[in-house]
Amino acid sequence: MNADGLSYFIQTTSKSVRFLLACLIRKILSGEIDPKNLIWDLDEQGREAHYLNLLYNKKLDEPLIKTLFKQSFSPYMITDCCHYEHIFNSYRYGCYPSPENHPRIYELQLNPEFFRESASCTQLDDLLGWPRDLAGIFFEYLETHPLPDNLLKLTKDLRFDDWGKPGGKPYWRENDGKVYFFRLDLERRPKQCPFCHSSEIVDVIVGYPVFSRLKGNEYLYGCCIEPACPPPAWHCNHCGLTIWNSSDLHNKYCK
C-alpha cells in the first residue's frame, strides 16, 4: 500500500483502531494472511489484544471490533454520488468453546482490493503516529518475543535507553558501506508520548550532572556529544522514549 493508499483506505482517528489496522498490514507484509481466504483472526486473549491493553488501555471486545469494521473504509466520488468500499467485507465472532463468558474469536473477511495494495513498515509509523522507524522495531519484537508483563518491561526490552548512546543498537544503520543515524524524530514537541501516550514529556538538557539545577520538566542527557551523534530534544519520563527534533537532525546532521 502506498502512502496515498493508507490515507485513502483508513479514515479513522481512533488510536486503538489504527493500531489494529497496523497489525493487519504487518501480517499482510509478512505473508501471514492466506491470499486464498483472506481471513484475519483476532482473539480476545491474543497478542494484538495484549498490546492493545498495554499501550492503549483498551480491551479487544465486540464494541471495538464493530468500530474497527465501521471506520475502516475508502470513500470516493462518482459524479454526484459517494461510493464506499470497506477494508472488510464481513466479520463474525463466536465463543470457542462455550460457555458465553469464554474469550471470543473474531474472524474478519478482507476486501481483496485492499489485500492487493502494497505497504512498507515506514508507513506504519505515520499510521500509528509513532517516531520514525519505531514500528519496524516494535513489530519485530511483537512477533519474536514473549509477551511482556508491563510497559516498563516492554520499553526495556526495546532498548529505548540504547537509542541515546553512540553505537548502541539500533542507534546505527549501515547501508552500502555508509552509516546512517537511526532517528526517532518529530517536527515539534508532542503533547503526549507517541508510544505510551503519557504527558510526561520533558526537555533534554546537555551538560554535567548537577541535578539540583534541573527543573521538573528537564531530563539530563549527558555532557559528551559527538558530531555524528546529536542529542535528542525530548524524553518521556514514563516509558523512557527519547525523541529527536526533525529540523535539528536535517539542518545539522543530514546534509
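A residue counts as buried when its relative accessible area is under 20%, and the legends below apply that cut-off to a predicted model.

View 1. The structure holds twelve aromatic pairs, one of which joins Phe138 and Phe139 in an edge-to-face arrangement, with 5.2 Å from centre to centre and 75 degrees between the planes. Because the cut-off for burial is under 20% relative accessible area, Phe139 counts as buried at 2% relative accessibility, and Phe138, at 0%, counts as buried too. Ring pairs also link Phe138 and Phe139 into a cluster together with Phe19, Tyr51, Tyr56, Trp130 and Phe195.

**View 2. The ring pair of Tyr93 and Tyr106, between strands β4 and β5.** Among the twelve aromatic pairs of the structure, the one formed by Tyr93 and Tyr106 is tilted, with its centres 5.5 Å apart and an angle of 50 degrees between the planes. The pair links distant parts of the chain, since Tyr93 lies in strand β4 (residues 88-95) and Tyr106 in strand β5 (residues 104-110), 13 residues apart.

View 3. Helix α3 (residues 47-56) has the highest confidence in the protein, with a mean pLDDT of 94, and it is mostly covered, with seven of its ten residues buried. The buried residues of α3 are Glu48, Ala49, Tyr51, Leu52, Leu54, Leu55 and Tyr56, and they pack against α2 (15-29), β1 (39-43), α4 (62-71), α6 (121-128), α7 (134-144) and α8 (151-157). Two of these buried residues, Tyr51 and Tyr56, also belong to the cluster of linked rings. Just after α3, Asn57 takes a positive phi of about 55 degrees.

**View 4. The crossing of helices α2 and α4.** The axes of α2 and α4 come within 10 Å and cross at roughly 75 degrees; because angles of 65 to 115 degrees count as roughly perpendicular, the two helices are described as roughly perpendicular to each other. On the α2 side of the contact stand Ser16, Val17, Leu20 and Leu21, which meet Leu64, Thr67 and Leu68 in α4.

View 5. Confidence is lowest in strand β6 (residues 172-175), where the mean pLDDT is 45. Over residues 167-176 the pLDDT stays under 50, and for this stretch the model has 33 contacts beyond four places in sequence. The pLDDT likewise stays under 50 over residues 1-5, for which the model has eleven contacts beyond four places in sequence. For the protein as a whole, the mean pLDDT is 75, and 65% of the residues reach 70 or more.

**View 6. The whole chain, as a setting for the close-ups.** The secondary structure of the protein comes to nine helices and twelve strands, and of its 255 residues 43% count as buried. Among contacts with a separation of 6 or more, residues 24 or more positions apart account for 58%. The protein exposes about 14300 Å², of which carbon and sulfur atoms supply 49%.

Definitions and conventions
Residues numbered from 1 in each chain as written. Predicted model: local features only at pLDDT ≥ 70, side-chain atom pairs only at ≥ 80, totals over all residues. Heavy atoms only, no water. Helix = DSSP H or I, 4+ residues; strand = E, 2+ residues; numbered from the N terminus. Buried < 20%, exposed > 50% of the residue type's maximum accessible area, 1.4 Å probe, protein only. Contact = heavy atoms within 4.5 Å. Areas by Shrake-Rupley, 256 points an atom, 1.4 Å probe, with all protein chains shown as cover. pLDDT = per-residue confidence, 0-100. Phe/Tyr/Trp six-rings, centres within 6.5 Å; stacked < 30°, edge-to-face > 60°. Axes fitted to C-alpha atoms, helices over the stretch in contact; angles between N-to-C directions. Parallel < 35°, antiparallel > 145°, perpendicular 65-115°, else oblique.
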